[in-house]
Amino acid sequence: MALKIRLRQQGRTNRTFYRLVVTDSRSPRDGKYVEALGWYNPIEAEDAKKLEFKTDRIQHWLNLGAQLTDNVVCLLRKSSPEIIHGLTEKVLARKAKAATKRKASKKVKA
């Protein structure tokens, strides 16, 4: 099961707000979800009430292999940049490890 952390639309017409949820990537936008991780209300005037996320639970699901959608990445950059920074470090470490492995295999062939 491929897990995604994405926004789930709620509310009424012209007054929508969103829940940040972990869900199966094949489920519909407003369908069932595994866990609610926070909410985002774009209509709210105060920045403090605009969004709220459980960063520890987001980090937990990312460690289990869940993927972030583009909209969620943009929201997390504003509210919790340490999560995005950690993801970036993991990607760079993976690329560096692959590069050293390629260099070692070239050295063995030569």
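Guide: Start with contact, which means heavy atoms within 4.5 Å. Helices (H or I, at least four residues) and strands (E, at least two) are DSSP runs, numbered from the N terminus. This is a predicted model, where local features need pLDDT of at least 70, side-chain atom pairs count only at pLDDT 80 or more, and totals for chains, interfaces and linings use all residues. Residues are numbered from 1 along each chain as its sequence is written, and side-chain values use heavy atoms, with hydrogens and water left out.

Visitor: Which residues in α1 meet α3?

Guide: From α1, Thr55, Ile58, Gln59, Leu62 and Asn63 meet Glu82, Ile83, Leu87 and Lys90 of α3. The contact residues divide into four nonpolar, three polar and two charged. Here Ala, Val, Leu, Ile, Met, Phe, Trp, Tyr, Cys and Pro count as nonpolar, Asp, Glu, Lys and Arg as charged, and the others, Gly among them, as polar.

Visitor: How is packing described?

Guide: Two packed helices are described by the angle between their axes and the distance between the axes. Axes are lines fitted to C-alpha atoms, for helices over the stretch in contact; angles run from 0 to 180 degrees between N-to-C directions. Helix α1 (residues 55-63) packs with helix α3 (residues 81-109) at about 20 degrees, their axes 11 Å apart. That makes α1 roughly parallel to α3 (angles under 35 degrees count as such).

Visitor: At what angle do α2 and α3 pack?

Guide: Helix α2 (residues 70-79) and α3 pack at about 120 degrees, with axes 6 Å apart. Val73, Leu76, Arg77 and Ser79 of α2 make the contact with Pro81, Ile83 and Ile84 of α3. Those residues divide into five nonpolar, one polar and one charged.

Conventions:
Angles under 35 degrees count as roughly parallel, over 145 as roughly antiparallel, 65 to 115 as roughly perpendicular and the rest as oblique.
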